[in-house]
Amino acid sequence: MKLTLVTGLTGLILLATIIELLRRRQLREKYGMLWLGVLVIVIPLSLFPRLLDNVAELLGVASGVSLVLFLGIVFLLLVCVHLSWEVSALEEETRTLAEDFALLRAQIEADKAARDELVSTDG
Amino acid sequence: MVNGKRTLIIIPALNESGSIADVVGEVRGELPGVDVLVVDDGSTDRTAAVAAAAGARVAKLPYNLGVGGAMRLGYRYARDHDYDVAIQVDADGQHDPRYVPKLVDMLEDNDLIIGARFAGEGDYSVRGPRRWAMVMLSAVLSRVARTKLTDTTSGFRAANRRVIEMFASWYPAEYLGDTVETLVHTARRGYRIRQVPVAMRKRMAGTPSHSPAKAMIYLGRAFAVLTLALIRR
C-alpha cells in the first residue's frame, strides 16, 4: 500500500509539473502533449502495478513491472534520439541565420565604404 | 578577372591575424582584378579587421561554424554577387596564388578543380595513420569521381557557376564534410572533378599537429565520414 502511495504521488506530481510548465508557456505544446500522453498511461500503472501482468505473460515476461521497466527504457532512448534530432535541426537553422547575418553585415560595411568614398571625393 | 572570368577568392579564417594580411596582400598582388572575401569564422582576435585593412571584403560570422559553415557562406556570397568562379584558399599561406590561373583554366572542361599536394609538384609528406587515411580517402574518392585524386582533403579548390550554385545551398558543416563529403556529393551528381598538382609552402603562421593519438582519431573520423557520405544519397 505504501509503495502504491509513493508511485501514485510521483505520477501526480509529474502531471502537475507538466501542466504548470504548459500553463506558463515554458514548454512547447508538441512536447507537453507527449508527456501528458505518457502520464495518462503511467499514472494508472503506478496506482495498479499489476495491470500489465496479463500482457506480460502473453509476451513471456515474468511480471508486468519488468515489462513497464523495459518499455520505459526503450521509450526514453527514443526520446533522447528525438531530442538529438531536434538539436540537429536547430543547429542547421542557427547556422543559416549566422550566415544570413554575416552576409548582411558584409553588405552594410560595403555600402558604408562606398558612401564614405563618395563623400570624400565630393568634399 | 582571371582569363575573362569574374573570380572570387574565398579565404576561411579562424584566428589568423598573424598571417591573413600577408595572404590577402599576396593574392591581390599576384592576381589584380580578383575579389578576395575573407570569411572570419568567429575569430576572437583581430582577423576581420586585419583582413579588411589589407583590402579584402570581410564576412564575419557571429560564432564559429567550422570550415564547412564558413565555406557555404563564401559560396552564397559568390552566388549572390554573380561570380563565374569561386576559389577556396587557406588562410595560413600554404597555397600559392600563382596557381590560380591554372585552376581557372582547368574549369573550362570541368566543374570542380582541386589543387593537390602529392601530385608530383613540390615536396610534402606525411606518415603513419594520417598517411593511411589519405591513401584510403584518395583510393575510394578516385573511384567515386572516376578520376585520379591524390589529395582529397586539400583546401585549395576552384568551382564554376554550377558548383557554386550547388554549394551555396548544400555544404556540410561537419568535420571533414567540407572536403570528403562534398567530393562524393559533387561526383554523384555528375559534375566533373579534376586535380591539378600544386606545390605547397610552409605555413606562414601556426603549426600543424603531429600527435600520433590525434592521427589515429583522424583516421577513424575520416573512415566514418567517408562511409556515411557513401551511404547517403
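Modeller: Let me begin with a term: a residue counts as buried if 20 or more other C-beta atoms lie within 10 Å of its own, as exposed if 12 or fewer do, and as partly exposed in between, with C-beta atoms placed from the backbone. This is a predicted model, in which local features need pLDDT of at least 70 and side-chain atom pairs count only at pLDDT 80 or more, while totals for chains, interfaces and linings use all residues. Residues are numbered from 1 along each chain as its sequence is written, and chains are lettered from A and ligands numbered from 1 in the order in which they are written.

Now to the backbone. Leu176(B) is buried, with 23 other C-beta atoms within 10 Å. Its phi is positive, near 70°, though Leu176(B) is a residue other than glycine. Leu176(B) sits in the loop between helix 6 (161-169) and helix 7 (177-188) of chain B; helices (H or I, at least four residues) and strands (E, at least two) are DSSP runs, numbered from the N terminus.

Arg146(B), also not a glycine, has a positive phi of about 50°. Arg146(B) lies in the loop between helix 5 (128-145) and strand 6 (157-159) of chain B, and is exposed, with 10 other C-beta atoms within 10 Å.

As for the partner, 14 residues of chain B are in contact with nine residues of chain A (C-beta atoms, placed from the backbone, within 7 Å). Helix 3 of chain B gives the most to this side, with five residues.

Terms used. Contact = placed C-beta atoms within 7 Å.
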